[in-house]
Amino acid sequence: MSRMFVPGPVDVADEVLQAQAAPMLPHRSKEFEAIFRRASEKSQNLFYTKHRVFLSASSGTGLQEAAIRNFVNRRVLSVVNGAFADRWYEVAASNGKDVEKLSFDWDKPASPDLVADSLKRGGFEALTVVHNETSTGLQNPVKEIAEAVRAAAPDTLILVDAVSSLGGAKIEMDAWGLDMVLTSSQKCLALPPGLALGAVSDRAMEKAKSVENRGWYFDLLRMEKHRNKDSSPATPAMSLIYALDFQLDRILAEGLENRFARHSAMAKRVQEWADAHDLSMYAPEGYRSQTVTTIKNERGINVSELNAFLKQREMRIAGGYGPIKESTFRIAHMGEIQMADIEKLLAAMEEYLKKS
Ligand code: PLP
């Protein structure tokens, strides 16, 4: 069986692919509405939330844009320590918002205290932060950031991108007091790309009522009206919702805690392997991702040659991303990947390193 150790789109189990092949239904039929409701209610488990979960026919970037359009009239703070955080900043700027960038070095976690200090200057309606930076393999301390934000600027909405971690690492939306958490189907949920999930708090929905020019497609108040009738304003990504409904049963059968433990054990194993081969991690200890490991290419490994070698064994890893494209490579351990797959990959990498 081929295995892709890349941070999305990831391998999808055959039975999940099959679930997509169910016949179409009229989307405003009772039959489809039941599936839509089931999938969105089960999704609440992933977010540890009692709040609503929107199923959006878009990739995750669509919901980054939705967050900006619905929850920010004017001013927003973007925490940036990686490529995807920078994208969210750009999304805000290109939607005409007055967005301030709070930058940290990419190999450092965002500091809760510095985030709080920035917010104390006042006037920020929302804060954007990425939980798991897929470029750097760094996990930001979102729980601690949220605590600091709540103390310093209680009215500021906390918007979190968990695109490459939700379903692979524990994010407790309600307990941490987050206002929006968004993710994409093609990462830890191990579904094909094209669906985004966004959980939104009541107070964020309330705020949206005062925001002008929310647009149409991503107007969450419009979506909410339809969601209350187990539907969406525009035609939903029906096949992906069939697959989500099926995959959530598999995920919940594995057990979320077991799933997180599996991801974290694989991350630890990859880190240990890298250490043992004189390769260091890009992210510092204590802030390393459970779902993707970014390794500094200190041995000058030719990653495309390595991948050609791995592909003969039906495996592949990912190169670096953005400004650290050439100096790093990435091993993703998310979704359907098991420890046995990781062992197979590391053995093959070992073989390659010995011969090269
Ligand atoms: N945020 C993060 C952390 C990501 O890793 C990605 C994609 O890799 C995105 C946002 C964009 O998501 P999408 O490609 O689903 O729009």
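Good morning. Please keep in mind throughout that this is a predicted model. I shall begin with the helices.

Two packed helices are described by the angle between their axes and the distance between the axes.

Which residues of H2 and H10 meet? On the H2 side they are Phe32, Ile35, Phe36, Arg38, Ala39, Lys42, Ser43, Asn45 and Leu46. On the H10 side they are Met238, Ile241, Tyr242, Leu244, Asp245, Leu248, Asp249, Ile251 and Leu252. Sorted by class, this contact of H2 with H10 holds twelve nonpolar, two polar and four charged residues.

The second pair is helix H11 with helix H13, the latter spanning residues 339-355. Here the axes of H11 and H13 are 10 Å apart, and the angle is about 15 degrees. An angle under 35 degrees counts as roughly parallel, and H11 and H13 are therefore roughly parallel to each other. The crossing of H11 past H13 is right-handed. H11 contributes Ala265, Met266, Arg269, Val270 and Trp273 to the contact. H13 contributes Met339, Ile342, Glu343, Leu346, Met349, Glu350 and Leu353. By class, the contact of H11 with H13 has nine nonpolar residues, no polar ones and three charged ones.

I turn now to the cavities. How many cavities of 30 Å³ or more are there? The count comes to two.

The largest cavity contains about 150 Å³ of space. It is lined by 16 residues, and those closest to its centre are Leu55, Ala57, Met223, Ser232 and Pro233. Two elements give two or more residues to this lining: strand S2, residues 52-56, and helix H9, residues 220-227. S2 gives the most, with three residues. The lining of the largest cavity divides into eleven nonpolar residues, four polar and one charged.

The second largest cavity holds about 30 Å³ of space. Its lining is made up of Gly137, Gln271, Met281, Tyr282, Ala283, Arg288, Ser289, Val292, Thr293 and Thr294. Strand S11, residues 292-296, supplies the largest share of the lining of the second largest cavity, three residues. In this lining, four residues are nonpolar, five are polar and one is charged.

Finally, the largest pocket. About 220 Å³ of space lies in it. Of the 16 residues that line the largest pocket, Arg3, Val12, Ala13, Asp14 and Glu336 are the closest to its centre. Which elements give two or more residues to the lining of the largest pocket? They are helix H1, residues 14-19, together with H10 and helix H11, residues 256-276. H10 gives the most to this lining, with four residues. By class, the lining of the largest pocket has four nonpolar, three polar and nine charged residues.

Thank you for your attention.

How values were computed. Residues are numbered from 1 along each chain as its sequence is written. This is a predicted model: local features need pLDDT of at least 70, side-chain atom pairs count only at pLDDT 80 or more; totals for chains, interfaces and linings use all residues. Side-chain values use heavy atoms; hydrogens and water are left out. Contact means heavy atoms within 4.5 Å. Ala, Val, Leu, Ile, Met, Phe, Trp, Tyr, Cys and Pro count as nonpolar, Asp, Glu, Lys and Arg as charged, and the others, Gly among them, as polar. On a 1 Å grid over the protein atoms alone, a cavity is a set of points where a 1.4 Å probe fits but cannot get out, and a pocket is an open set with protein on both sides within 12 Å along at least five of seven lines; lining residues have an atom within 4 Å of a point. Grid points are joined across faces, edges and corners, and a volume is the space filled by probe spheres set on the points. Axes are lines fitted to C-alpha atoms, for helices over the stretch in contact, and angles run from 0 to 180 degrees between N-to-C directions. Angles under 35 degrees count as roughly parallel, over 145 as roughly antiparallel, 65 to 115 as roughly perpendicular and the rest as oblique. A crossing is left-handed if the near helix is turned anticlockwise from the far one by less than a right angle, and right-handed if clockwise.
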